[in-house]
Amino acid sequence: MSNYNVNNSTVNALLSWIEQDIIAIPEIQRPFVWKSSKVRDLMDSLYKDYPVGYIITWQNPEARLKDGTVSHGKKILIDGQQRVTALMAAISGKEVVDHDYKKKRIKIAFNPIEEIFEVQNPAIRKDKRWIPDIAEIFQQGFDTFGFIDSYCNENPEISRNELNEIIQKLSQVRYSSIGIIELAHTLDIEVVTEIFIRINSAGVNLSQADFAMSKISVNDKYEGPLVRKTIDYFCNLIKKPSVYDNIKDNDIEFANTENFNKIKWVKDYNTNIYEPSYSDLLRVAFTFKFLRGKLSNLVSLLSGRDFETREYKEEITEESFEKLYDGVLKFIDETNFKRFIMVLKSAGVINAKLVRSQNALNFAYALFLLLREKNINASDINKIVRKWLVASILTERYSGSPESMFDFDIKRFAANENPMTYVNNVEAGELSDAYWDNILIGNLDTSVSSSPYFNLYIMSQIYDNDNAFLSKSITVQHLIEERGDVHHVFPKKYLQSNGYNNRRQYNQIANYVFTEQAVNLAIKAEAPKSYLNKVKEQINKDKLLIGEIDNDDELIYNMKMNCIPESIFNMEASDYEQFLQERRKLIVNKIRTFYERL
């Protein structure tokens, strides 16, 4: 049996199926990503009888109901949502929602004399040669003869017969052929998911999360649109609070729900530490509620799949939607989210740039929510989540096959009565002395300033409230909060003038420190031996030249804070490699101490 059938239908029939809910399309409240000019081009292609691509649909798999009967379900639009929405906007006159959740009409104008389409604008509205909105042509009861009389009176250069032929041709657009590829309802969910994620839409690869969102959106029976809106609006609000009023004004139905009240706190909450996308939210909610890591499994469960019998059952669909809904509500809960952010801050994460692995953050939140659901003591939750986050960054645990590792880890955390036991087991196996003494030191041999290991070092400095290099009152945290930059212990220009011309040499992360700009300017391009002697002189002469440090104990303490070996007081360019080796070891020791104290 073929995996799909290819049929031809008409634009009119397709729009009719959408209106009758025979084909389910994620409702028009979702942001429309096409530019208005692309809608214009689509109408022009239909008018000229050009092919406009295929719509791909899939019938939900047959699900066995509790009474023994079989539900066939509705067809789901797998690909072509933007084209269908464009047709609904241009022909049916439906409003669409832009990226800021503002409702708007996309009005396509038509010039019958020149037979060209254009996006409506003020100039077109004033020009009597244009039909400013073609949607009026497609309305039921449109008075063709009255329109022709009126138009020809204002535009005598076109005859009534000519205009009648053109208007008839335009109205026939609704009967233009459109191809529909119907995927077989017998196809396995995994196959359909694979087909879905291989399709490109506007140049963006679709993901399993996109497919899951589509599955959620079209299931009215189990509050699917409400769940989807809660996810979508929360994730947009946390990044762009200004869309709050647009959501409230343009989606009154959702604004009157309890879910809207549950997410509106986000508009007044300012954090740049963890700003989840809908994919992140889905992954976290799914992982901690279903104790699984593969999002393709979520699509299967929402379809009602029984993994043991390979049948589809309505009760599994119902249970899966209930669990997912609960997971979403736990994710967006103000108390949960804010407590999680506090846990991150308590581990030195004060900026999103300090944790480049979104998967590490996602699993940390899934773990936090799981432990809350297991009624683990709050202080224990904080410690477990902090240590696990840092351990997963150290080992790059979720960089290779994150879904498999999510699946593996969440099951073991759920199975352990004392979740700290699992942390300790992983620590013993992957963070042994060999890791600290060899592997991590080797990992610090890099010039990539966004290195997770350098970021962990910065987190340890924030955790210890360390002062910036050669500063007495300005901390590393202050500089990061004010977008301060890292500078070089061995100045870049100094190294370049001494033969270190390769970026990988002078930009080693072991040569980086957070320093006030004034301190960096005072250091100029001098050897460490030279500028640090000036610091010593200012201590003896009580005249500040570089930074604020004015006594020996503070200087030594500042060096220790910033993992600077004391041997640096005698170092020049020829000692640079030795300095890097010594500092890498000191950085590793600081990270290790930080991890052990979490």
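Guide: What follows goes through ring pairs, charges over rings, strands and a helix. This is a predicted model, in which local features need pLDDT of at least 70 and side-chain atom pairs count only at pLDDT 80 or more, while totals for chains, interfaces and linings use all residues. Residues are numbered from 1 along each chain as its sequence is written, and side-chain values use heavy atoms, with hydrogens and water left out.

Visitor: How many aromatic pairs does a search of the whole structure find?

Guide: Rings of Phe, Tyr and Trp (its six-membered ring) pair if their centres lie within 6.5 Å, and planes under 30 degrees apart count as stacked, over 60 as edge-to-face and the rest as tilted. The search of the whole structure gives 44 aromatic pairs. One of them joins Phe142 and Phe147, a tilted pair with 5.6 Å centre to centre and 50° between the planes. Another, Tyr463 with Phe594, is edge-to-face, at 5.2 Å centre to centre and 70° between the planes. This second pair links distant parts of the chain, since Tyr463 belongs to helix 22 (residues 452-463) and Phe594 to helix 29 (residues 576-597), 131 residues apart. Helices (H or I, at least four residues) and strands (E, at least two) are DSSP runs, numbered from the N terminus.

Visitor: Which ring does Lys387 lie over?

Guide: A charge sits over a ring if NZ of Lys or CZ of Arg is within 6 Å of the ring centre and within 35 degrees of the ring normal. Lys387 lies over the face of Tyr595, at 3.9 Å from the ring centre, and Arg412 lies over the face of Phe408, at 3.5 Å from the ring centre.

Visitor: In what order do the five strands of the open sheet come?

Guide: Two strands pair if DSSP finds at least two bridges between them. Here the order is 1-11-3-6-2, with mixed pairing. Strand 1 (4-10) and strand 2 (23-24) stand at the edges with a single partner strand each, so one side of each has no neighbour in the sheet. Strand 2 pairs in the parallel sense with strand 6 (residues 75-79) over two bridges, and Ile23 stands opposite Lys75 in strand 6.

Visitor: Which residues of strand 9 lie on each of its faces?

Guide: In a regular strand the side chains alternate between the two faces of the sheet. In strand 9 (residues 108-111), Ile108 and Phe110 are on one side and Ala109 and Asn111 on the other, and all are buried, which leaves both faces covered. Strand 9 runs antiparallel to strand 10 (residues 116-119), joined by four bridges, with Ile108 opposite Val119. The hairpin has four residues between the strands, and Glu115 in it takes a positive phi near 55°.

Visitor: How many residues of helix 18 are buried?

Guide: Helix 18 is mostly covered, with 12 of its 17 residues buried, including Ile381, Lys387 and Trp388. The expected span of a helix is 1.5 Å times one less than its number of residues. Helix 18 (residues 378-394) reaches 24 Å from its first C-alpha to its last, close to the 24 Å expected. Glu396, which follows helix 18, has a positive phi near 50°.

Terms used: Buried < 20%, exposed > 50% of the residue type's maximum accessible area, 1.4 Å probe, protein only.
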